[in-house]
Every structure is written in structure tokens, then in C-alpha cells.
Amino acid sequence: MGFDKAKKILPLLWRSFPVQLMFTNLKKNQVIVCLWIFLFGFILFDWGKLFGIPYLFLDPEYHGKVNARSLFIMGLAFGVFNTSFQITCYILDSERYRFLSGIRNAIYKFTLNNSIIPALYLICFSWKFWTFQVERGLEEKKEAVMECLAFSGGFLWIFFLTFLYFRISQSTPLRKLSRSIDKRLRNLSFYRLSIMKRIRSLRGSGPKVGYFLSSGFRVSEVKEPQNGRRIVKSSDSFSSNHLAAVILELGTIFFLFVLGIFSGAAIFQIPAGASIFLLFGFILMFIGAISYWFRGWSISIFIGFAFLINVLYSSGVMDRNYQAIGISYEKKVPYNNQQFRKMTNPDVFVADSLKTIGILNKWKAKTGQEKPKMVFICTSGGGIRAATWTMRTLQFADSSLNSSLLEQSVLITGASGGLLGAAYYRELFLQSKIQNDVDYYERKYIDNISKDILNPVVFSLISNDILIQVKTYNDGKYTYNSDRGLVFEQTLHQNLNNALNKKIYHYRNPEREGLIPMLIIAPVIVNDGRRLYISPQPISYMTWDKNNCNATPDYKLLRGIEMSRFFESCDASRLGFASALRMNATFPYITPNVDMPTVPSIEVMDGGLSDNFGVSDALKFIHTFKPWIEKETDGVVLVCIRDTPKERPFRKKNNDSWFSRMMNPVGSVYANWARNQDNNNDMQEEYLTHSLQVPLDVVTFQYLAANELDDNADESKTENRASLSWHLTTFEKQSIESAILNTQNTEALTKLKTLIRPSNHNLATIP
């Protein structure tokens, strides 16, 4: 009996409208389905976990909090994406189902029957969000349930507004307006061809549909229009509905454009996950609008549009210049070998070296020791994770050494987020010397540096950068484009209470007087791989080696250029300190590469591309001042603060897929990029250790998640590491802060105490 029932039910189920629409999506709308696959993959399979993408959905922050308001905003954004999905599917597929022209509220009923995928996502999201929050102890069960309801509420609110819009669009005045617009559009040849194709489609035989869900989830039987007159009427009905749908899409795109104008306002710093929903919705709207206007020519139009954009970018018409704040872009500096040769002046090399030796003499006098240990702080890149870990490590180690760490430090180098955290700590250290009431060991400073930067940056990307940029920004002297790079800096100033809202020249005297360690920012020039050395001090000795003159022909290879000298005519000393840090912390697709005022144009990006750990620049400095170091110090200590372990367990995955084997030659190079940098740095350390007449010690602090160095641990069961992102969840912040107390870092701190020998070896005052 059960088999007989199944034989009767399955054909009816197959002929149902929801199943047929699901099958149509899988068969025809693969691009749309791919967007859904990405959204499901982010929350169910942790796609993009390395960069923290799943956490943007499962722990969405709004103004620093995960609450019902942030989930409601996520629901609104998901509602916009779902509306785009439904409208685009209606434009693409509705004419295959002629019965829709004969029912009231056709778009609403189409949406109801096309909701299998959105309903599944709504269920999966709520389940994963609740599980994530409760299992990690971030929220109580009741609180997580209320937030899931808030997400659903935001989604339903957009659904209600969309339904209301289409009800209004079916009113007599708007239907007349729609017919009038449609009549005018018929004068266009491609639109007439679209109409004829629509009528032929309606006359043809579409998918067999027997039943559909009607209002109140009632099952109704399908009644197909038969005669030609009704078919023409059906075409008019579809034209009216399609035009209303396209108007809604264009209105939504315009609304996003308007929001982009006010993207800097705090109220629009929505969760990054919501911005991803909006981005995917924008893509669907674009697909829907093009498909409505050009029908069968859509693919050709997409290809032509992509080609046109490429030509416009290549010709410079649509070139997006992302600028550094503070310098002038009115005058362009030649970037060529002739200009480089001017930078290799031996007299300038000697003069700059003598000035730095003057700084070193003041540093030594400040220590009060006959032969002090010279400390270098090298920090690794890694977004907010690295910035927070660097801040936590410096606070803990410096307080354990009774403030001896920064007092005996000469130079800070690094990349990306690590250098950002070190710069913030150095600024607080400077403020404490000027204002006695600044306690740079306070917990609030870790809270500040770990605040979200990603939300406003991603929203600016969606609402401003991929559309038409209309806003500008004036720093008091020059005017710049307002883009997500500027939003990054403004958000950073807001998070840090404007601590780093300074120009490069503001640090010239404090460094020169030895009040604070020197700090060198060295992003990479994309065009040729050279470093762009940014410092308030003249440091030509970092860009080339005066003593290396044994090459034939006598090429003086310039390994980098000085920002202050090369761009002196562009007001280089006015470069914003935050802009310099941002240039050294570009993250693919999030913070853009910065264009420099040169001919030909060059771009700079994350210094981690050359050395993600800052060690090579520190070793170059040591090599340059080797005679002074051997005479005046008791040795060198490299304090390396890494947000990744230097040695990782080798876990070979068995039964690699064919795709993995195909990607292995390229993927292995990328995966071992940091390891290759470590090998190069270790080799330089070895050479310098043998040639240096005083000891060179390396003390490494590493951010390690639980069981991360255990060779026998199940990789799937080890504690989740904080992601490489400009956003951290609550549990990621806890993971970073607790890592300073693990065995490896405790041993590192003990070794550092013996090397620096502070006057009192009390335990750290920071818990």
C-alpha cells in the first residue's frame, strides 16, 4: 500500500510548482545558484574560515555588539538579497509558466513557490547561529533564540514591503503608466525582438505544472491560458510585472548609491555579513535588469560590458586611484633608473648614518648602562589578530620587565596589523612621557585595538567603491577621493581615540631625542618589488649598501626607495601616519593598493609580501651599524612577535582529490610562502651571528591556539585560531589574550628577563 501511495504522490509532487521552479533554477540559473552555494558554504562548511568569513554571519557585530539589532539588520540585508533573487528568477523564468498571467498577485505567488532555497537557508542560518553562540558560551540560549527571531523579523519586514510595493504597482494608475512606458519601449528594435520572443515562448509548451501554492499555503490547481488573444494578454501582464520588478531593482541600486554618500556615518556601519548579502543582491539585480532589457542577448551583453569596462580602465577613463592622505598628487615624480641612481649617493649614505648614530648615542645615554642590550621589536602581519596579539604581548612583556622593554628598544619593524599594534603601543608610551596620567598597561587599549574595522570598510566597498564615487575629502591642504581606504583610516582613528591621527613628521623629534624607538614602515612597490621605506628620519642606508661595490658592471642595486627623499616635492613629510600604516597593511579586495604620484604610476601594497615578520629590515639595520653595536653594546636582542607558529606540525591529508593534485604545484608555493620567508630570515640571522662580535639573541612570542603544536592532535578538534581579518569575534579575542600564558611564551619571557636584566623581576601586572 505504501508503494502504491508513493507511485501516486511522486508524480504529483514532481508536477508541483515549487519543485519545478527548483529544477529550473538548477538547470538554467547556475550563476544564481552559485551565489546560494557560497552563502550555504560560509555557514555550513566554514568556507573562508582562514579569513573569518563564517564569523561575519555567525557573530555579526553592529557598533561593537552582537544583539537583536545587529541580527535584525542582517535579516533586512538577507531580505534584500532574497527579493533580488525572486525578482531575477521571475524575470528570467516566469514566462515559461503561462498560468501565472491568469492569477492575481502573480509575483507574490511566484515568490511563495520559489522559496525552497531561501527557507532552507533561513533554517540553516538560525540553527548554525544558535549553535555557534551557545556552544562557545557567548550567549544564553534564550538570548540566541531572540536574535534568531530578530533575523527572521528583518527578513519578513523586507518581504512585507516588497509585497506591498507589488500590490501598489498593480493599481490602475500605475498599470496605465507601465503600459505607456512599455509602448514607448517598443520603438526600440531590441525590445520588439524581446516581445516577439516572449510571445513565442508563451505559445510554446512550458514545463508541466499541475499544482501550486496559493495564498495561505493552499494547494491550487493550474489552469493554462489557451487562445492566442489570452496569450497576447498574458504577454502584456508579464511586461507590466517585469517592468515593476526592474523599477524596484533600479530603485534599490539608487538607494545603495545614496547610502554610499553617507557611508562614513556611524549608523551605516552595518555588519560585514549584511554587506555581503547586499553585494550578492546587487549582482542579482544587475543580472535581472540586463536580462529584462536584452533577453537572449544577455550573455553577449555581459561579455561586451566586461570588455568595455576593461577598455575604460586600460585607457584610464575609469581608473580608480586610491590615494595616501597628506601628500600632493599634483606633481608627478619620474620613476626610472635615472632617478634611482640619484638616490645612491655615498655622501648622503654617510650623513644619514651619522644622524642615526646620534640617535643611538642618545638611546644609550638614556639606558644609563655602560654597555646595554640593544633591543629590536619585529612584528608580523595578520590583520586585527596580529595587532591585538602584538599589543597584548608588548603590554605583558613590558610590564614584566618594569617598563624596560621599550626603554631599551631601538627600532620597531614589521608588517600589516602587527606594526599597527606596535605603533599604537609606542604612541601610548610617548603619551605617558608627556602626560603622567597615561597608563599604557590598561586593558582598555587592547579593547581599542581589537575593535572592528571591517564593517564600515566592506559597506563602503559595496555602496561607494563599486559604484560611482562622488564624495571627496579635504585634509586641510589637499583634496582626495573618498573611498574605503579613507574609511579604514577614519574608523581606526575612531577606535583609537585619534591616538595615531598624526603626520609622519610629528615623530621626528621624539625619535631623534631617543624618547621612543624608531619605527620604519616598509610596504612593497607592486610594480618592481622594491620596498618603500617610510620614516621621519633620513634612512638611505636601508635602501642600498654603500660597501657592496664589487659587482661588475658597477650596479648600485636600490632595494628600496625613501619616501621622504623620493617624494620630497610631493610634501612627503605631511603623509598621514595612519595612511602609511594602511599602505603597509593592504588586504586583497578589502583595503586597496595605494597609488603613488609617479610617472609611470606605481602602487604599493602590504609589506608582508616581502617579509611578513619584519626581521630582514632589523637585520639590515644591525648590519649597517655593526661597528657601533660591537663597540657600544653588550649584544642584540631580536624580540619577534608572531601571530603564527614558526614550526607547524606536519599533517598529511590522505587520498588527495584530483583537483588538489592539480593545484598542488601552485598551492604549495602559496601555502609555504611564510615558511620560505622564515628560512631566508634564519639564514641572515646565522650569517650575522657569525660575523657579529657581540651576541645576537632571538626571543620569539607566538600566538598559539590550544593543541596547535601537538603532532598527534586531531586537526578538526583543535581550538579554532583567530581568523586573518579586520574583525574579531569575542571568543577570538579571548583566544588571543590567553595565548600569552602558554608554555612557549612563558619560556620566552623568562629568557627575555635574563637578557635585558631589569632591576626588578616581579611578575607581570597584567592578568
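Let's start with a strand pair. Strand 15 and strand 16 run parallel to each other and are joined by seven bridges. One of the contacts to look for is L638, whose bridge partner in strand 16 is V698. Keep V698 in mind. We'll meet that residue again. And a reminder before we go on: this is a predicted model.

Which order do the strands take? The order is 8-5-4-15-16. That makes an open sheet of five strands, with parallel pairing. Strand 8, residues 518–519, and strand 16 stand at the edges. Each has a single partner strand, so one side of each has no neighbour in the sheet.

Next, the helices that lie across this sheet. Helix 15 covers residues 346–367. Helix 15 lies across strand 4 (374–379), strand 5 (409–414) and strand 8. Its angle to strand 5 is about 125°. Then helix 16, residues 383–400. Helix 16 lies across strand 4, strand 15 and strand 16. Against strand 15, helix 16 runs at about 135°.

On to empty space. Rolling a probe the size of a water molecule over the atoms shows where space is left empty. How many cavities of 30 Å³ or more turn up in the whole structure? The search finds three. I'll take two of them.

The second largest cavity comes up now, as it brings us back to our strand pair. About 70 Å³ of space lies in there. Which elements each supply at least two residues of its lining? Strand 15 (636–642), helix 28 (673–691) and strand 16 (696–702) do. Helix 28 gives the largest share, four residues. And here is V698 again, in a lining that also includes F613, C640, R642, K646, D678 and E685. By class, that lining divides into four nonpolar, two polar and five charged residues.

Now the largest cavity. About 110 Å³ of space lies inside. Helix 5 (68–93), helix 6 (106–113) and helix 8 (141–169) each supply at least two lining residues. Among the residues of that lining are N82, Q86, I107, Y108, F159, F163 and F166. What is the class make-up here? Six lining residues are nonpolar, five are polar, and none is charged.

Technical notes
Residues are numbered from 1 along each chain as its sequence is written. This is a predicted model: local features need pLDDT of at least 70, side-chain atom pairs count only at pLDDT 80 or more; totals for chains, interfaces and linings use all residues. Side-chain values use heavy atoms; hydrogens and water are left out. On a 1 Å grid over the protein atoms alone, a cavity is a set of points where a 1.4 Å probe fits but cannot get out, and a pocket is an open set with protein on both sides within 12 Å along at least five of seven lines; lining residues have an atom within 4 Å of a point. Grid points are joined across faces, edges and corners, and a volume is the space filled by probe spheres set on the points. Ala, Val, Leu, Ile, Met, Phe, Trp, Tyr, Cys and Pro count as nonpolar, Asp, Glu, Lys and Arg as charged, and the others, Gly among them, as polar. Two strands pair if DSSP finds at least two bridges between them. Contact means heavy atoms within 4.5 Å. Axes are lines fitted to C-alpha atoms, for helices over the stretch in contact, and angles run from 0 to 180 degrees between N-to-C directions.
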